[in-house]
Amino acid sequence: MATLTNDSAVRSGLRLGLPLAIGAALAFGMSGAWARGLIDAGWTPGAAVTVRIWVAALVLLVPTIVALRGRWHLLRRNVGTIIAYGLLAVTATQLFYFQAVAVMDVGLALLIEYTAPIAVVLWLWVRRGERPTGRSVVGAAIAFVGLVLMLDVLSGRSVDLGGILWAFGAMIGAAAYFLLSGKDDTGMPPIALAGAGLLIGAVGLTAAGLVGVVPIAWNTDDVVYRFGVVPWFVPVLAIGLIATALAYVLGIASTRLLGSRLASFIALAEVVAALLFGWLLLGQLPNAVQGLGAALVLSGVVVVKLGEPVASRAGDPSLAVEAEGAAETP
């Protein structure tokens, strides 16, 4: 009976978690295309990402307070993790990504960012001695070949080196996101960590803008997209409410239902969503060689994820549930 109950719970989690995870990927994937419209209208990447994070932080403020339920000691105990999350996983990732999409196609920038799992594997190897499996090495090699094709290096065409470096900076921030989100000893609800990190990121970006470290310039001009012209607040609200606040909430909810491993696979749909919205909003499409490279990058990342050792997935909620159920079975 216990086995039947557990199987039913797993199926129910998949039925609800899968559409939530796909919704999160679609929401996250639209951010670059909306931001590129603002940047083309005269906004700096710093202004676009600051507004995005402030809107999301304010929207998630109440849910964060409710999730903490007065346990303010969790904030004090995890202040280092929260600051690192806010500055690296939120601020650096989003700012560098927006800097990249200012000079290159949004889909290609996001594909470079999504090589982050390879950086995580290398970090765990160097810092913790967790040697990558042969499958992970093969996956990294496939992704590297894909990057070469995707950046169109072999054709001799000029590429924007600055955009590539910004995208790789976003990749490092995304790697920090995976590493910090995987910490299971904080005691903080995921939405509280996300909300507190977004608030730290918003304050940090504002301070950097005030002292001139991050150039911030914006205007109220209409913004032009492939489908037409819209007022400036339309992309601002789309980025802040849908591509950040809603995306984080859906992502957290789906991860709790699916487990971090399965959710991370489905999150690769964000790359497809970025390519789709880049075409719908901006008319951007990769050429045939870049398309092949994109497919290789995605394939390589999937192989890397499949090659993760079991020990590295110890914090996966789904595995924890399975272990708990096995322990209770007579």
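View 1. A residue counts as buried when its relative accessible area is under 20%. In this predicted model, Thr-64 has a relative accessibility of 8% and is therefore buried. You will find Thr-64 in helix 4, which covers residues 61-68. Leaving out residues up to four places away in sequence, Thr-64 touches Ile-191, Ala-192, Gly-195 and Ala-196.

View 2. Helix 11 runs over residues 190-210, and its end C-alpha atoms are 30 Å apart. That agrees with expectation, because 21 residues at 1.5 Å a residue should span 30 Å. Look just after helix 11 for Gly-212, whose phi is positive, at about 90°.

**View 3. The largest nonpolar core and another one apart from it.** The largest nonpolar core holds 72 residues, of which Tyr-85, Tyr-97, Leu-198 and Tyr-248 touch the most other members. Apart from this core lies another, made of six residues, including Val-120, Leu-124, Met-171 and Ala-175. What is Tyr-97 in contact with, leaving aside its neighbours within four places in sequence? Its contacts are Ser-31, Gly-32, Val-106, Ala-109, Leu-110, Glu-113 and Ala-170.

**View 4. The salt bridge between Arg-36 and Asp-40.** The structure holds one salt bridge. Arg-36 pairs with Asp-40, and their closest N and O atoms are 3.1 Å apart. Why are the two separated by about one helical turn? Both belong to helix 2 (residues 31-40), and they are four residues apart there. An α-helix has 3.6 residues a turn, so residues three or four places apart point the same way. Are the two partners buried or exposed? Arg-36 is buried, at 16% relative accessibility, whereas Asp-40 is exposed, with a relative accessible area of 53%.

**View 5. Two annotated transmembrane regions.** An unreviewed UniProt entry places the feature "transmembrane region" at several stretches, among them residues 82-100 and 230-250. Over residues 82-100 the chain is 100% helix and 0% strand, with its end C-alpha atoms 25 Å apart. Residues 230-250 are 86% helix and 5% strand, and the end C-alpha atoms of this stretch lie 27 Å apart.

Conventions: Residues are numbered from 1 along each chain as its sequence is written. This is a predicted model: local features need pLDDT of at least 70, side-chain atom pairs count only at pLDDT 80 or more; totals for chains, interfaces and linings use all residues. Side-chain values use heavy atoms; hydrogens and water are left out. UniProt positions are given in the numbering used here, feature names are shortened, and annotations may be inferred rather than shown by experiment. A salt bridge is a side-chain nitrogen of Lys or Arg within 4 Å of a carboxyl oxygen of Asp or Glu. Buried means under 20% relative accessible area, exposed over 50%, partly exposed in between (1.4 Å probe, protein chains only). A nonpolar core is a set of buried Ala, Val, Leu, Ile, Met, Phe, Trp, Tyr and Cys residues joined through side-chain atoms within 4.5 Å. Contact means heavy atoms within 4.5 Å. The expected span of a helix is 1.5 Å times one less than its number of residues.
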